[in-house]
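Student: I have a structure to go through before setting up some calculations. Can we talk it over?

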Amino acid sequence: KLIRKPAKETADKEVLIDEVFKEIQKGPFDELRDIEIVSAFEHAKSSDFEVCVVATMSAGKSTLINAMLGTKLMPSKQEACTAIITRIKDCSSDTMPFKAEVYNHEDRLAETHENLTYPIMERLNSDESVSVINVAGNIPFVSSEDVSLILIDTPGPNNSRDKRHKKVQSELLGKSSKALILYIMTGEFGTD
């Protein structure tokens, strides 16, 4: 006589892992209840695949992202122009324009845009009250069926006029435990 015993699916295993993590947090170690540990655990379970685009000021981060998007969306100049974190999440749809949610330094939603354009991004990048921009739209070379690609444009850490750039980039990289780092180098070999 055959008795069918169903195998555990991925979702079943994820539920078990969640239960184990909750039990661990009830233990004596306060460190396991820290908000950053909980956040890292939740982030590790997500289907988002983050790529942090990192480089010094004016190395071409935004230019590369624009090329990957197939449109000029991110401001790019021969000087510091990205002062905030911009997350661009692939939502594959050929007809959908880029949409954005803009957050202030208190993590409150400040504004939304149903059709994000280059002039809007220029204005947002120069607005000191803006902290993060979450963009959703079609990144042409990927499919988001199983995993969603998120390109993260970061400020260059070497802006001597604004030390916040270095702080913003360092904090992001410290919290991105699952991210891939795409480090862009300029062609100026032999320099610092």
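Student: Start with the surface. What does the accessible area come to, and how much of it belongs to carbon and sulfur atoms?
Tutor: The protein has an accessible surface of about 12,400 Å². Carbon and sulfur atoms account for 54% of that. Keep in mind that this is a predicted model.

Student: And what share of the residues is buried?
Tutor: Of the 192 residues, 33% are buried.

Student: OK, secondary structure. How many helices and strands?
Tutor: Five helices and seven strands. Along the sequence they come as α-α-β-α-β-β-β-α-β-β-α-β.

Student: In what order do the strands sit in the sheet?
Tutor: The order is β4-β3-β5-β2-β6-β1-β7, in an open sheet with mixed pairing. β4 (109-113) and β7 (180-183) each have a single partner strand, so one side of each has no neighbour in the sheet. From one strand to the next, the twist averages 20°.

Student: Which way do β1 and β7 run, parallel or antiparallel?
Tutor: Parallel, with four bridges joining β7 to β1, residues 48-54. In one of the bridges, Val-53 is partnered with Leu-182 of β7.

Student: What about the helices? Which strands does α4 lie across?
Tutor: Helix α4, residues 118-126, lies across β2 (85-90), β3 (99-104), β4 and β5 (130-137). Its direction is at about 165° to β4.

Student: Last one, on contacts. Of those between residues at least 6 apart in sequence, what share joins residues at least 24 apart?
Tutor: That share is 68%.

Conventions. Residues numbered from 1 in each chain as written. Predicted model: local features only at pLDDT ≥ 70, side-chain atom pairs only at ≥ 80, totals over all residues. Heavy atoms only, no water. Helix = DSSP H or I, 4+ residues; strand = E, 2+ residues; numbered from the N terminus. Buried < 20%, exposed > 50% of the residue type's maximum accessible area, 1.4 Å probe, protein only. Contact = heavy atoms within 4.5 Å. Areas by Shrake-Rupley, 256 points an atom, 1.4 Å probe, with all protein chains shown as cover. Pairing = 2+ DSSP bridges. Axes fitted to C-alpha atoms, helices over the stretch in contact; angles between N-to-C directions.
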